[in-house]
Amino acid sequence: MAGQHVTAARLLEELKKCGFTHIVWLADGETSFMWEAMTRQREMTLVPVCREGEAIAIAAGLLLGGKKPLVFHQNTGFFESGDSVRGLALDLKLPLLLLISYRGWKRNAPSTDSAAIYLEPILDTWGIRHYLLTSDEDLANVATAEKEAREASRPVALLITNE
Amino acid sequence: MIDSFEALRVISQHRGEAIVVATMTANREWVPLSTRRDLDCLFTGAMGKASSFGLGLALALPEHKVIVLDGDGSLLMNLGTLVTIAHMAPANLAHFVFENGIYRTTKGQPVPNAGRTNFKGLAEAAGYRRSYEFSDLEKFRAALEGILSERGPVFICLKVPPTATPPPYPMIQLADTVATLAAGLKRLYEKR
């Protein structure tokens with residue numbers, strides 16, 4: 001059975017409305033539904049990376065150069081990128097939107113996947129505010145997170161589920 | 001082998017208005033040589049991501065030359081960067097690697113496979129437009145102006161001696177140098 005998730009085209013429209021210029025991205029299975037729509041659009045440049053920590057550093061350079069990137073990868077990749085999140089996104093107080101695919105999230109039951117179990121506690125420990133994107137009903141969270149990242153000049157996460 | 005300080009002196013003479021992102025050994029030796037501190041980023045932290053940061057700058061400012069001064073230990077921590085840079089193919093990026101075979105800033109432990117990894121070959125195989133290796137200062141001096149005028153991304157491996165003592169210059173906090181560069185870029189682009 002196909003999972004329930006936000007509509008790719010509608011999410012991309014929300015991101016475009018926020019003025020994002022680049023999506024620094026590493027593929028993941030949970031949000032593979034985003035791939036085709038991301039490659040079809042031309043307003044935001046797709047920057048594919050080999051490893052998630054790279055993405056934060058590339059986004060930092062883009063921000064310094066006056067662009068408005070977002071980083072998009074899975075929660076497992078967020079863990080991998082930990083030192084870049086610490087040393088760049090947090091230490092430099094980057095107004096950076098992190099789109100994190102929430103592998104293991106369960107709507108009506110506790111998760112048994114450690115990738116899900118540790119995600120929100122780690123975000124909380126680092127003081128990274130986070131919002132869920134479980135369906136199109138949550139799309140207003142995109143603008144909320146973008147505004148919060150911009151006004152507080154710090155990273156904010158949107159957690160995309162697929163269940 | 002080329003003395004890293006002398007190699008940096010040559011790069012400094014040719015950098016013009018290029019943004020320079022320098023990490024590890026180059027980070028500290030670049031400080032007394034730089035002619036445009038307002039366009040420097042002395043990159044620390046984040047485990048080998050100077051080249052990724054430089055890629056972001058190069059993509060954001062495609063008309064502006066970006067020079068990354070990387071270390072071999074740093075590059076090895078983030079080797080996928082070669083493929084990512086090759087994929088995005090920024091014409092304005094020059095990526096230097098100072099190959100000394102050691103982690104100089106942690107007192108000289110050898111990097112894995114020291115002396116046997118072909119960094120020039122790695123960059124070539126990843127898909128950089130051009131890749132060079134120099135172990136002679138005069139040959140490097142003679143070639144650099146031409147290399148910096150080439151369409152990037154170009155990769156330049158400099159064979160430097162494994163000096164175990166850290167450079168006698170302070171490490172500058174990344175947040176401070178990023179703020180300086182941000183102000184420098186703002187001034188530069190307001191003038192244009």
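Predicted model: local features only at pLDDT ≥ 70, side-chain atom pairs only at ≥ 80, totals over all residues.
Residues are numbered from 1 along each chain as its sequence is written, chains are lettered from A and ligands numbered from 1 in the order in which they are written, and side-chain values use heavy atoms, with hydrogens and water left out. Local features need pLDDT of at least 70 and side-chain atom pairs count only at pLDDT 80 or more, whereas totals for chains, interfaces and linings use all residues.

Between them, chain A and chain B bury about 1700 Å², 77% of it on carbon and sulfur atoms; buried area is the accessible area (1.4 Å probe) that two parts lose on being put together, summed over both. Of the area that chain A buries against chain B, 30% is supplied by A:Glu54, A:Leu64 and A:Leu92, which is more than any other three residues supply. Across this interface the rule finds zero salt bridges, a salt bridge being a side-chain nitrogen of Lys or Arg within 4 Å of a carboxyl oxygen of Asp or Glu. The two chains do have three residue pairs in polar contact, with both residues at pLDDT 80 or more. A polar contact is a pair of N or O atoms within 3.5 Å; within protein, one atom must be able to donate a hydrogen and the other to accept it, and residues adjacent in sequence count only if both atoms are side-chain atoms.

Helices (H or I, at least four residues) and strands (E, at least two) are DSSP runs, numbered from the N terminus.

In the whole structure, a search over all chains finds 23 salt bridges. One of these joins the side chains of A:Arg10 and A:Asp136 (3.6 Å, N to O). Because A:Arg10 lies in helix 1 (residues 8-17) of chain A and A:Asp136 in the loop between strand 5 (130-133) and helix 8 (140-152) of chain A, the pair ties together parts that are 126 residues apart in sequence. A:Arg10 is partly exposed at 44% relative accessibility, as is A:Asp136 at 23%; buried means under 20% relative accessible area, exposed over 50%, and partly exposed in between (1.4 Å probe, protein chains only).

A second salt bridge links A:Lys16 and A:Glu13 (3.3 Å, N to O), which are three residues apart in helix 1 of chain A and are therefore separated by about one helical turn. In chain B, the side chains of B:Arg36 and B:Asp38 meet in a salt bridge (2.9 Å, N to O), with B:Arg36 partly exposed at 23% and B:Asp38 buried at 18% relative accessibility. Salt bridges that share partners also join A:Glu13, A:Lys16 and A:Glu43 into one network.

Zero disulfides are found over all chains, a disulfide being a pair of cysteine sulfur atoms within 2.5 Å. A:Cys50 is in no disulfide, and the nearest cysteine sulfur, that of B:Cys157, is 20 Å away. A:Cys50 is partly exposed, with a relative accessible area of 37%, whereas B:Cys41 is buried at 0%.
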